[in-house]
Amino acid sequence: MTQRVIAESCAGAIIDVQDFFLAQLGSREARRKMEANLVAFARLLGYFRIPIVATLERPVDGKGGLPDALNRQLSAAKLFEKDFFDLTKEKKIRDHLARLKKKQILVAGCETDVCVLQSCLGLIDLGYEVFVVEDLVFSSAHNVDAAITRMQAAGAVFLTYKTLYYELIQTVGGSRHADAMVAALGPFPDDLPDQAV
């Protein structure tokens, strides 16, 4: 069966986008791009009224909170602190996701080979269809190929932000469908993130 992203079936998960991890991206420019791209992702999900769960790895005092721009964009999101790498091992998060009654999870955040990997495996074990936005996950490790291969083997689907953007929008501007969406939701988000870092 072909897996397609369906806005009404989706929730988003933004995993551990904290100062400690962002600082490991290597350069100020790489960090700026990743933060801007994650804000665009949150804005896109907000446009389609896709609920978002954001996590912070403990200790938050040492690892920091969300970047300011992302925190502002996620004002309606549910924010959880977690002790486990796998967000599904946290009962409060697992119960919250179950209450949303969504079957697809769009994943962004870090680290690709630790928290993202373990969370994706946990979500798949719970029966969710998992879509990893490959240009919105990052790690301090230089090579995360094994983690990506493992997630794909378990059933996670990798896609780019651009692919997600157009799969949600579904149509060119000016069509009947586009006009109906604009009437219901307002103007389309008009930006795509910078190139992957």
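Reader: Let's start at one spot: in which loop is the place of D16?

Author: D16 sits in the loop between β1 and α1 (19-22). Those names come from DSSP: helices are H or I runs of at least four residues, strands are E runs of at least two, and both are numbered from the N terminus. Before we go on: this is a predicted model, where local features need pLDDT of at least 70, side-chain atom pairs count only at pLDDT 80 or more, and totals for chains, interfaces and linings use all residues. Residues are numbered from 1 along each chain as its sequence is written, and side-chain values use heavy atoms, with hydrogens and water left out.

Reader: Why does D16 count as buried?

Author: Buried means under 20% relative accessible area, exposed means over 50%, and partly exposed is in between (1.4 Å probe, protein chains only). D16 has 0% relative accessibility, so it counts as buried. Its phi is near 50 degrees, a positive value in a residue other than glycine.

Reader: And what makes K101 exposed?

Author: K101 has a relative accessible area of 72%, so it passes the mark for exposed. K101 lies in the loop between α5 and β4, and although it is not a glycine, its phi is positive, about 55 degrees.

Reader: How do you know which strands form the open sheet, and in what order?

Author: By counting bridges: two strands pair if DSSP finds at least two between them. Here six strands line up as β3-β2-β1-β4-β5-β6, with parallel pairing. The edge strands are β3 (78-82) and β6 (157-159), each of which pairs on one side only. From one strand to the next, the twist averages 25 degrees; such angles run from 0 to 180 degrees between N-to-C directions, with axes as lines fitted to C-alpha atoms, for helices over the stretch in contact.

Reader: What makes β4 and β5 a pair?

Author: Six bridges join β4 (residues 104-110) to β5 (residues 129-138) in the parallel sense. As the rule asks for at least two, they count as paired. Q104, for instance, stands opposite E129 in β5.

Reader: What packs on the sheet next to these strands, touching β5 among others?

Author: Helix α6 (residues 112-125) does, touching β1, β2, β3, β4 and β5. Touching here is contact, meaning heavy atoms within 4.5 Å. The direction of α6 makes about 165 degrees with that of β4.

Reader: How many bridges link β2 to β3?

Author: Five bridges join β2 to β3, and the two run parallel. A54 stands opposite L79 in β3. On another side of the story, β1 and β2 pair in the parallel sense over four bridges, and A13 has V53 as its bridge partner in β2.

Reader: Why is β2 called mostly covered?

Author: Six of its six residues are buried. One face holds I52, A54 and L56, the other V53, T55 and E57, and both faces are covered.

Reader: Why is α6 described as largely enclosed?

Author: Ten of its 14 residues are buried, so the rest of the structure largely encloses it. Among them are C115, V116, L117 and L121.

Reader: Which peptide bond has omega near -15 degrees?

Author: The one from C110 to E111, which is cis; E111 is in the loop between β4 and α6. The bond from R58 to P59 is also cis, with omega near 0 degrees, and P59 belongs to the loop between β2 and α3 (60-63).

Reader: Zooming out, how do you know the radius of gyration agrees with that of a compact globule?

Author: The radius of gyration is taken over C-alpha atoms, and the globule rule is 2.2 Å times the number of residues to the power 0.38. For 197 residues a compact globule would come out near 16 Å, and the chain has 16 Å, so the two agree. The C-alpha trace spans about 50 × 35 × 30 Å along its principal axes. Buried residues make up 48% of the 197.
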